[in-house]
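Student: I have a new structure open and I'm a bit lost. Can we go through it together?
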Amino acid sequence: MSDSTRSSSNSAYSSAAAMPAGDIAAGVRGGTLRATDVLEQHLLRIREHEGEVHAFNLVLADHARANAAQIDADVAAGIDPGPLAGVPIALKDNMCTRGIPTTCSSKILQGWKPPYDATVVTKLAAAGAVLVGKTNLDEFAMGSSTENSAFGPTRNPLDLSRVPGGSSGGSAAAVAAGFATVSLGSDTGGSIRQPAALCGVVGVKPTYGYVSRYGLVAFASSLDQIGPFTGNVRDAALLMDVIGGHDAMDSTSIPEPQPSLLEAIEHGVEGLRVGRITDLPQGADPDVAEQLERAFDALQAAGAEIVDVQVPAFGYGLTAYYLIAPSEASSNLARYDGVRYGLRVDAPDTNTMYSATREAGFGEEVQRRIMLGTYALSAGYYDAYYGKALKVRRLIADDFDKAYTRADVLLTPTAPSVAFEFGSKGDDPLAMYLCDVYTIPTNLAGHPAMSVPFGTGQFGLPVGVQILAGTLGEPRMFRAAAALERAAQAATNNPQESAA
Amino acid sequence: MSERITAADVVKVAKLARLDITPENLERTTAQLAGMLEHFADIDALDLDDIQPMTQPYPLTNVFREDIVVIGLDRDEVLAAAPAAEDGRFRVPPIFGLEG
């Protein structure tokens with residue numbers, strides 16, 4: 001599937017299956033492109049390659065065809081379908097779609113049809129996007145490889161022997177494979193950025209509260225955010241402008257208006273202060289570290305100023321996260337009790353029914369995290385674990401705030417390595433958790449961060465560079481992302497020059 | 001093995017979390033949780049006495065909406081997704097067992 005390598009340069013795509021979302025929408029709105037044709041090219045790619053990739057829990061071919069036909073009819077009638085007119089989109093299967101199964105890749109929700117749409121689903125429909133399917137994930141978004149799905153793993157389209165990352169592995173793979181032009185995932189500790197890095201696409205975790213969580217099945221409510229996967233930075237800005245904004249249905253939604261990111265990326269990085277975290281935890285592979293250095297050089301060459309900063313508590317993020325997220329999960333997942341929705345294992349009394357249902361319905365990793373969280377919250381251990389983790393969370397946020405007095409954005413690796421092989425993290429859950437070491441602190445602080453593909457590492461696999469910013473720092477984060485993307489494309493077009 | 005969590009603790013936690021833990025999984029789960037808690041001991045070195053806990057990243061207080069009547073979820077649609085329903089309600093087994 002070498003042709004699935006994506007680029008936003010105009011010469012790089014020969015079909016609508018690799019065309020940027022912005023170009024598709026412009027073509028459909030202008031009447032030079034039909035939403036139906038765009039969709040059929042994507043459905044063809046799905047027919048050809050989905051069997052080996054398994055990006056989807058559900059492909060909505062008929063639903064999407066009806067939707068695309070309606071968009072074409074609207075254009076013919078002089079009605080503007082919106083800024084995502086005819087853009088095929090895939091949704092992580094933890095976002096509620098009314099009347100369409102939403103499983104969280106868990107047996108406990110298999111077959112469940114939500115009675116309402118998530119706010120992002122409503123916004124995408126209003127913008128003219130065409131929903132092609134619901135994508136696979138680690139069960140309830142708990143994992144970093146999509147190996148924890150109850151319905152089998154997703155494979156990395158760039159190398160089928162390797163994981164796509166996770167937990168939003170299906171959404172990352174769907175974009176990388178050309179099954180959908182763009183997709184949405186959710187990011188609690190890196191679940192958008194890490195799979196984006198491993199699949200060679202752009203992935204954004206917005207500021208906590210930037211995108212409504214209404215209709216996103218809750219994992220860890222103080223950390224979860226929805227964000228886009230795209231083939232290029234401009235499409236990510238386009239998606240963010242559509243899905244962002246205040247929502248009365250989410251009480252944690254930020255009321256302040258959000259500036260257009262499509263407008264922000266028109267500005268360069270001249271004078272932007274890019275921070276290097278000098279006390280960043282070790283552990284990135286040499287190929288990843290090398291690309292990060294090249295990214296600093298590229299931003300400097302584009303006019304940015306590189307400054308050294310310290311975030312001393314960064315390395316404690318893993319511990320704080322793996323106490324806080326499972327604690328919140330143990331509470332959120334208490335709702336799966338076999339009463340109102342999903343699986344029920346019949347038993348003579350309710351208590352036996354609850355336990356039997358949850359044992360049969362939850363996979364191993366989900367049960368492990370529920371137990372870890374229940375333990376961290378239980379009498380006698382609350383102060384030692386959950387209480388202490390909340391204080392470490394404050395330390396991390398304070399350290400970032402100090403760093404952002406000296407730097408506008410920070411640059412780190414997204415993941416410690418390129419895509420790894422199935423089963424390579426073995427039986428030790430901690431080995432998998434370490435994949436999230438660079439992404440987790442952002443979620444604890446509630447800040448935005450995004451991964452941009454930047455060069456390749458071992459085995460020719462893509463490396464992602466992570467850009468971090470302070471609360472509502474999306475405009476400067478996107479400016480840096482656009483500059484990195486330009487540098488990466490220049491390097492691809494002129495390999496000699498970049499090697500010098 | 002670490003003393004941070006014992007098999008008896010795990011049995012108690014599983015009961016609190018309404019999970020049936022099988023005897024063959026007990027030893028493995030205890031070892032995995034103990035390994036994690038061992039790793040998480042890194043924060044024991046921090047002086048956190050004067051640090052305020054942080055429960056949410058973007059503090060908002062008194063979040064109100066306009067007092068406008070909106071239509072709630074459709075009852076039949078909601079009940080259609082339930083494992084068992086009867087007379088417009090969720091149907092569950094007896095709260096207390098019938099045996100004995």
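Student: Let's start with α9(A) and α16(A). How do they lie to each other, roughly parallel or roughly perpendicular?

Tutor: The helices α9(A) and α16(A) are roughly perpendicular, because their angle falls in the range of 65 to 115 degrees. This is a predicted model, in which local features need pLDDT of at least 70, side-chain atom pairs count only at pLDDT 80 or more, and totals for chains, interfaces and linings use all residues. Residues are numbered from 1 along each chain as its sequence is written, and chains are lettered from A and ligands numbered from 1 in the order in which they are written.

Student: What is the angle, and how far apart are the axes?

Tutor: Helix α9 (residues 286-301) and helix α16 (residues 474-493) of chain A pack at about 105 degrees, with axes 9 Å apart. Axes here are lines fitted to C-alpha atoms, for helices over the stretch in contact, and angles run from 0 to 180 degrees between N-to-C directions.

Student: Which residues make the contact?

Tutor: From α9(A) come A:Ala295, A:Ala298 and A:Leu299, and from α16(A) come A:Ala480, A:Ala483, A:Leu484 and A:Ala487. Contact means C-beta atoms, placed from the backbone, within 7 Å. Seven of the residues are nonpolar, none polar and none charged. Nonpolar means Ala, Val, Leu, Ile, Met, Phe, Trp, Tyr, Cys and Pro; charged means Asp, Glu, Lys and Arg; the others, Gly among them, are polar.

Student: What else does α16(A) touch?

Tutor: The helix α16(A) packs on the sheet, touching β7, β9, β10 and β11 of chain A, and its direction makes about 10 degrees with that of β10(A).

Student: How many strands are in that sheet?

Tutor: The open sheet in chain A has 11 strands with mixed pairing. Strands count as paired if DSSP finds at least two bridges between them. The edge strands are β1 (56-59) and β8 (305-309), each pairing on one side only.

Student: How do β9 and β11 of chain A run?

Tutor: They run antiparallel, joined by five bridges. A:Thr412 stands opposite A:Gln466 in β11(A).

Student: New topic: how many residues does each chain give to the contact between A and B?

Tutor: Chain A gives 53 residues and chain B gives 49. On the chain A side, α13(A) supplies the largest share, nine residues. That side divides into 27 nonpolar, 15 polar and 11 charged residues.

Definitions and conventions: Helices (H or I, at least four residues) and strands (E, at least two) are DSSP runs, numbered from the N terminus. Angles under 35 degrees count as roughly parallel, over 145 as roughly antiparallel, 65 to 115 as roughly perpendicular and the rest as oblique. Two residues are in contact if their C-beta atoms, placed from the backbone, lie within 7 Å.
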